[in-house]
Amino acid sequence: MSQPTFNRRDLGLLVLRVGTGAVLAAHGTQKLLGWFGGGGVEGTTKAMEAMGFSPGRESAIAAGLGEAGGGVLLALGLATPAAGAAAAGAMTGAVAVHAPAGFFAQGGGYEYPAFLGFTAAAIGVAGAGRYSLDHATGHVLDRPWVVATAFIGTALAAAAVVGRRAQDQASAADEAPLQES
């Protein structure tokens with residue numbers, strides 16, 4: 001039995017990929033290029049340093065590329081596992097920043113970046129579907145080993161970055177009482 005030319009599941013993946021990818025790409029271009037009212041690399045560098053990410057410039061570029069690059073690739077359905085992993089990794093850093101404010105976004109919490117991260121990760125794991133560049137290229141960049149490598153690599157990198165930030169913040173908090181004396 002042949003597959004129908006129209007497939008609702010693949011159409012749903014296309015809509016989800018394009019919507020999620022566009023939001024991520026917009027956020028990333030704010031960081032990298034200053035588009036949509038963003039600070040560009042210089043403004044994002046200052047913000048990253050203020051949030052405790054070090055080095056600030058490299059953190060700004062990595063976050064911007066994870067969001068913009070991952071978003072564009074998700075929207076296109078190209079290298080979908082790597083795109084989903086990169087975007088999820090970038091959102092892990094955002095979740096770490098917003099976590100002290102609790103869950104809900106209206107109170108400054110991590111609800112929104114968590115949702116974007118989980119959505120990007122789910123697309124990366126599920127694959128882009130038939131209406132994608134991955135499908136058009138015979139899934140050359142969407143193999144099981146790519147999924148495993150992308151998500152393991154991103155998880156290790158995100159853990160290192162978020163862990164370093166937490167360690168730096170703990171050190172700064174320990175030094176603060178000494179400076180006040």
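1. Val 15 is exposed, with a relative accessible area of 57% (exposed means over 50%, buried under 20% and partly exposed in between, using a 1.4 Å probe and protein chains only). Val 15 sits in helix α1; helices here are DSSP runs of H or I with at least four residues, strands are E runs with at least two, and both are numbered from the N terminus. Together with Phe 6 and Leu 11, Val 15 forms a nonpolar surface patch of about 290 Å² accessible area. Patch members have over 30% relative accessible area and no salt bridge; nonpolar side chains (Val, Leu, Ile, Met, Phe, Trp, Tyr) are joined within 5 Å, like charges within 9 Å. The areas come from the Shrake-Rupley method with a 1.4 Å probe, and for residues only the protein chains shown count as cover.

2. A word on the basis, before you go further. This is a predicted model, in which local features need pLDDT of at least 70 and side-chain atom pairs count only at pLDDT 80 or more, while totals for chains, interfaces and linings use all residues. Residues are numbered from 1 along each chain as its sequence is written, and side-chain values use heavy atoms, with hydrogens and water left out.

3. Now the charged pairs. Side chains of opposite charge can pair when their charged atoms come close. With a salt bridge taken as a side-chain nitrogen of Lys or Arg within 4 Å of a carboxyl oxygen of Asp or Glu, the count comes to four. One of them joins Asp 10 and Arg 130, at 2.9 Å from N to O. This pair links distant parts of the chain, 120 residues apart: Asp 10 is in helix α1 (residues 8-33), and Arg 130 is in the loop between α5 (111-126) and α6 (133-136). Asp 10 is buried, at 10% relative accessible area.

4. Lys 31 and Glu 67 also meet in a salt bridge, with an N to O distance of 3.1 Å. Lys 31 belongs to helix α1 and Glu 67 to helix α3 (residues 56-76), so this bridge ties together parts 36 residues apart in sequence. Glu 67 is buried, with 4% relative accessible area.

5. Asp 168 is partly exposed at 32%, and Arg 164 is partly exposed at 42%.

6. How do α3 and α4 pack? Helix α3 and helix α4 (residues 80-98) pack at an angle of about 145 degrees, with axes 8 Å apart. The axes are lines fitted to C-alpha atoms over the stretch in contact, and angles run from 0 to 180 degrees between N-to-C directions. The contact (heavy atoms within 4.5 Å) involves residues including Glu 67, Gly 66 and Gly 70 of α3 and Ala 83, Gly 84 and Ala 87 of α4.

7. Finally, some backbone spots to check. Most residues other than glycine have a negative phi, and most peptide bonds are trans. The Ser 54 to Pro 55 peptide bond is cis, with omega near -5 degrees, and Pro 55 is in the loop between α2 (40-50) and α3. Phe 36, not a glycine, has a positive phi of about 55 degrees; Phe 36 lies in the loop between α1 and α2 and is exposed at 59%. His 139 has a positive phi near 60 degrees, is found in the loop between α6 and α7, and is partly exposed at 25%.
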